[in-house]
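Thank you all for coming; I would like to walk you slowly through one structure this morning. Please have a look at the sequence and the model first, and then we will start with a question.

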Amino acid sequence: MSEQARKTAEALEYLTGFGNEHSSEAVPGALPIGRNSPQRAPLGLYAEQLSGSAFTEPRTHNRRSWLYRIRPSAAHPPFTRIDNGALRSAPFTESAADPNRLRWNPLPDPAPGTDFLSGLWTLGGNGDAAQRAGMAIHLYAANADMTDRVFSDSDGELLIVPERGGLLLRTELGLLAARPGDMALIPRGVRFRVELLDADARGYICENYGQPFELPNLGPIGANGLAAARDFQAPVAAYEDTERPTEVINKFCGNLWSATYDHSPLDVVAWHGSHVPYVYDMRRFNVLGSISYDHPDPSIFTVLTSPSDTPGLAGVDFVVFAPRWLVGEDTFRPPYFHRNVMSEYMGLIEGAYDAKAEGFVPGGGSLHNMMSAHGPDHETFERASAAELKPQKIDDGLAFMFETRWPITATAQAAGADHLQRGYDDVWQGLQRHFRA
Ligand SMILES: O=C(O)Cc1cc(O)ccc1O
Ligand SMILES: [Fe+2]
């Protein structure tokens, strides 16, 4: 953590919008006009296209950016395998997929000198990274900056949800600051380095192997509501002109590979395109809900969705439970008892969650796998069944869910972790029969 990183984060400027054709130049004149690949790019830069979708995908799904950089990315020595640390990838085969409800406390504090990359710890996931299908859930805990090394993930995009401490994300396309309450997204293949804005940092990551996240359609909601496109912030171009060895660590088909460049690969002076990192403040989410009766399904809280080939069936949805009013008449207001074909991993950024009186803590997480029975704990059920139904503001917490089409298999380290809560089932004990024929 440095004062310099904090000052830099305070002063950041952003471009706004989701899925735009953005463009930005750190030096005037660096961006070619009227073509992508002139015979000689301006200012002696190299032109390089970074494709996040097949060239031929429909315009609505097409993602690519043109980067104008000091050296082409191609100028590097061979990559060699390095230790994967606590990072795991799909297919997840270390343990059997478990139908039990599972809940974890936060990760133990990392050893001094742990940076964002070495502090990654995989909880589980589904699909197959090499097939570009499915997702992984990682946690991170760090207390040091990444120095002279950058990370890029060929396997998927990284949706980062800070829970403790802010992050300064120095990406090829520029800088983003992400603090608790924000979510940040690093697209597939974009290199970045993480510096800390506080003494330590902790949070959650959804690694999405599938189609890039997009805003959900709004249907009858209309032209506005949920997450607004204009609240997504992309970086402006910023480059490092550093002739110092820099290690590039690439996650490729589940393994980490390393090559050392003789310069910083964060050397993009100008860029334009749609394959861009961004940050979003979840407190800006426009929460919609029932103003008559009943508890709506949490799909109305979807910030971003990664579609599958089946309409309406997400590879993974990112859902946020933001502060909101509950006014439903004759309604059991917390989440209902349910069994869901989709699998639900939930995390808590701050405060409490309205279905769980205790035990679900910031930095912890719960996994309710395909068809597993869950819902309000005993205490919440009793309280909400007897509560006076006056308008009630839920404003003491921020929770989120990664909801995915396939069961989530835990890694061996997650299934056997000391911080796995034994006895989670007990929260549903004591629910009495009230039946009267
Ligand atoms: O299980 C959970 O807490 C997530 C959830 C919330 C909700 O409001 C309705 C259904 C659901 O799965
Ligand atoms: Fe649920």
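Leaving aside its neighbours within four places in sequence, which residues is His374 in contact with? Before I answer, please keep in mind that this is a predicted model, in which local features need pLDDT of at least 70 and side-chain atom pairs count only at pLDDT 80 or more, while totals for chains, interfaces and linings use all residues. Residues are numbered from 1 along each chain as its sequence is written, and chains are lettered from A and ligands numbered from 1 in the order in which they are written.

The answer is Arg101, His338 and His368, where contact means that the two C-beta atoms, placed from the backbone, lie within 7 Å. His374 itself is placed in the loop between β25 (365–368) and α2 (378–386), with helices (H or I, at least four residues) and strands (E, at least two) taken as DSSP runs and numbered from the N terminus. His374 counts as buried because it has 22 C-beta neighbours inside 10 Å; the cut-offs are 20 or more other C-beta atoms within 10 Å for buried, 12 or fewer for exposed, and partly exposed in between, again with C-beta atoms placed from the backbone. An unreviewed UniProt entry gives the feature "binding site" at His374, although such annotations may be inferred rather than shown by experiment.

His374 also belongs to the surroundings of ligand 1, together with residues including His295, His338, Glu344 and His368, a residue being near if its C-beta atom, placed from the backbone, lies within 6 Å of the molecule. That shell divides into four nonpolar, five polar and two charged residues, where Ala, Val, Leu, Ile, Met, Phe, Trp, Tyr, Cys and Pro count as nonpolar, Asp, Glu, Lys and Arg as charged, and the others, Gly among them, as polar.

Let me turn to a strand. Five of the five residues of β14 (residues 192–196) are buried, so this strand is largely enclosed by the rest of the structure. Phe192, Val194 and Leu196 lie on one side and Arg193 and Glu195 on the other. Strand β11 (residues 167–171) runs antiparallel to β14 and is joined to it by five bridges, where pairing needs at least two DSSP bridges, and Leu167 stands opposite Leu196.

Finally, a backbone detail: the peptide bond from Ala90 to Pro91 is cis, with omega near 0°, and Pro91 is found in the loop between β5 (80–81) and β6 (102–104).
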